[in-house]
Amino acid sequence: MQSPEHSSFAQSPAHDSDSDESVTDKFETADASLTTRAGVRGWGPRQWVPTISFVIGAAVTATFFAIGAWERRWIADDGLIVLRTLRNLFAGNGPVFNAGERVEANTSTAWTYVLWFWAWVTDGRLEYVALWVALVLSVAAIPIAMYGTARLFRTRLGGLGGDGWTLLLPFGAIVYIALPPARDFATSGLENGLCIFWVAVLWCQLVAWSRRQGGGVTLGGRAATIALAFTAGLAPLVRPELTVVGGLVLLLVILAPSSWKMRLGMVFAAAVLPVGYQIFRMGYYALLVPNPAVAKDASGSKWHQGFIYVGNLFGPYVLVLPVVLAVVAGILIVVANRMRVTAADDTTADDTTADDTTADVTAADDDPAHPAARQPGTRLSRWSASLQSPTAVVVLILVAGLISGIYWIRQGGDFMHGRVLLVPLFTLMLPLMVIPVTIPAQVRAAFRRTPETAARARRTRVQLVGSVVMAAIWVTTLVWAVDSHENVLPNAGIDIGRSGIVDERRFYTTNMGNPNPITAQDYLDYPRMRAMVEWIDKYHRQGGVILPSFNYDEWYIAKLPGDIPPQKRKLSVYFLNLGMTSMNAPLDVRVIDQMGLAYPLAAHTERLEDGRIGHDKVLPSEWVVAEAHAFPRKPVLPGYLDEDVVRQAEVALKCPETKERFESYEGPWTFERFKSNLKRSFTFTDYRIERDPEYEIARCGLEMPPRIHPR
């Protein structure tokens, strides 16, 4: 261990000589000062400058993000959906949306149970629990991600000569928080905050793993590696598509040098929760994925709509500018790092071999404990050793971010402006959450022309030019953020537009006249909601199906026949806005939607190719009337419904596969049912029906009923 005197840049000896040995001494002193455990008492200006600049930058960025998110605080209609599941959990009905129906209506399993835990601990109102948990996780993700990137730049402090003063300035963090959708979904009740928090924590663990001395052979190192594998394994529970990120991280860690016993431990730590929950999901819900993944056909493709979605995010904020600046900044950092390594190689050519510097270009701290220094000389072993390096970590996280973004482009994006691209953008920005701007220690040396100082002058000039360019990039990004942070979509809140994409928060605040809708009661000001509550009170005992009308002050009711006993009379509400509807309805009222987020019958219909993105499954109301056994004839049947279609739907519901699907989530949950669901979950996930009852009858080979009104 170095003594405190040798742990400070400031206390390193002055180098009046411009010899190669003096440069090497600076490199070794710089690296030793960053790896020493002597504590802050031995620090000098070259340690305090990056530390203080990082702390100030992280605190200011997180503060601005918190203020911006709080000003735009809200709970989205979709954010209320998960709260209905929490109500059923607390009521003893299980993790379901409607009592008696085992349907997983929430995409993020982890988000459901994180909210359940904090609601149980605080006993607070569910809407405010969701608001605060989302806000805290979103804001915390920023400094955590910045810290991981600061650790990534550990050996780059001091610049090309190792003797400069480096400022760690927020960059990617500024780009992210400047986007209005990022501040919108920092609350919203949706899982965006949890997603970026998970990504930030995973990033910090991954960078620490790549920097770990001794390759994780100590007890603490092994425990930290197991913890990294556990975090990576949480990916499918946070959001299913994040499995790509977690899977790539896990693959990287397993392929790096380690014992087979350690590899088995990592696999077990990563798999124990997601595999256990997956078995439960298959046996309980009879699906391989959450029901919304079936409803939105997560494996489908709408490339054209996806590129429209990208343009919808990039256009209003000229996001291409900071993206280009980020690429330039990344290139400058890579070039500077190679120049620094080359300089170190030149000055130590007599003492080190080429393999010592090429096995791990970015991570090379000249530490004999690093895995790359201990491996045999085979190509495979050197490749494996190079995986535990910052270079490999950065490449992996960029590939993971690109794959995540491409997945959403292929999927067609979403109907909410910017929402699903925020996590891929955050992931891609991780290596540049902060950027280093180094002030050379001896600026005057850049302009000396003597042969003895030529090498030092050249390095200093390059460092000075690079620092000016990096500073210009940072200032430009800051100006862009100030100029763009309040930009809005054209006609936001008024017109959805042909793309089907909407500024969700502004749409609801405009239509309700409430800048911060949070509770379910706030959404009673949305069209039809107060009338819905009145209709529920009116028909609660009678049962039936409440259907929306074109009149915002009233609903239609499809009544049940008089021969249904009171204990079997159930009231259902059939409406698109599932969150506000379900949270303003009692738990004994069944709430279902045309898209199928909470209604498997609608979820299993085929996707409409020309439908609005995120709403491209629309089940005709006649299906619900038939499935609820409501009276199928007029004048009791609402006038806009077709009696013949209701009759056809009644026959179509007798399709054997459809009946089995209903039984899988409505029948009593016994051990036999659990085993049956495990087997059938594979076929149920891909099962699709025709949305037109007439076509569905033909598909199932059933007999077409005679028409009530012949054509």
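A residue counts as buried here when its relative accessible area is under 20%, as exposed when over 50%, and as partly exposed in between, using a 1.4 Å probe and protein chains only. The structure is a predicted model, in which local features need pLDDT of at least 70 and side-chain atom pairs count only at pLDDT 80 or more, while totals for chains, interfaces and linings use all residues. Residues are numbered from 1 along each chain as its sequence is written, and side-chain values use heavy atoms, with hydrogens and water left out.

To start with the overall picture, the protein chain has 711 residues, and 56% of them count as buried. The chain holds 30 helices and six strands; these are DSSP runs numbered from the N terminus, with helices (H or I) of at least four residues and strands (E) of at least two. Contact means heavy atoms within 4.5 Å. Among contacts between residues at least 6 apart in sequence, 75% join residues at least 24 apart.

What about the inside? A nonpolar core is a set of buried Ala, Val, Leu, Ile, Met, Phe, Trp, Tyr and Cys residues joined through side-chain atoms within 4.5 Å. The largest one has 156 residues, and Leu-83, Leu-115, Tyr-176, Leu-206, Phe-426 and Trp-555 have the most contacts inside it. Helix H5 (residues 126–152) gives the most to this core, with 15 residues. A second, separate core has 32 residues, including Trp-623 and Val-625.

Charged side chains come next. Side chains of opposite charge can pair when their charged atoms come close. A salt bridge is a side-chain nitrogen of Lys or Arg within 4 Å of a carboxyl oxygen of Asp or Glu, and the whole structure has 22 of them. In one of these, Glu-101 pairs with Arg-590, with the closest N and O atoms 2.5 Å apart. Glu-101 sits in the loop between H3 and H4 and Arg-590 in strand E6 (residues 590–592), so this pair links distant parts of the chain, 489 residues apart. Both Glu-101 and Arg-590 are buried.

Arg-688 and Asp-297 form another salt bridge, their closest N and O atoms being 2.7 Å apart. Arg-688 is in the loop between helices H29 (671–686) and H30 (693–700), and Asp-297 in the loop between helices H13 (291–295) and H14 (303–317), so the pair ties together parts 391 residues apart in sequence. Again, both Arg-688 and Asp-297 are buried. Arg-239 also bridges to Glu-191, with 2.4 Å between the closest N and O atoms. These two belong to a network of salt bridges that links Glu-191, Arg-239, Glu-241, Asp-414 and Arg-419.

Thr-112 is part of H4 and is buried, with a relative accessible area of 5%. Beyond its neighbours within four places in sequence, Thr-112 is in contact with Val-82, Thr-85, Leu-86 and Asn-106. Phe-90 lies in helix H3 (residues 77–91) and is partly exposed, at 41% relative accessible area.
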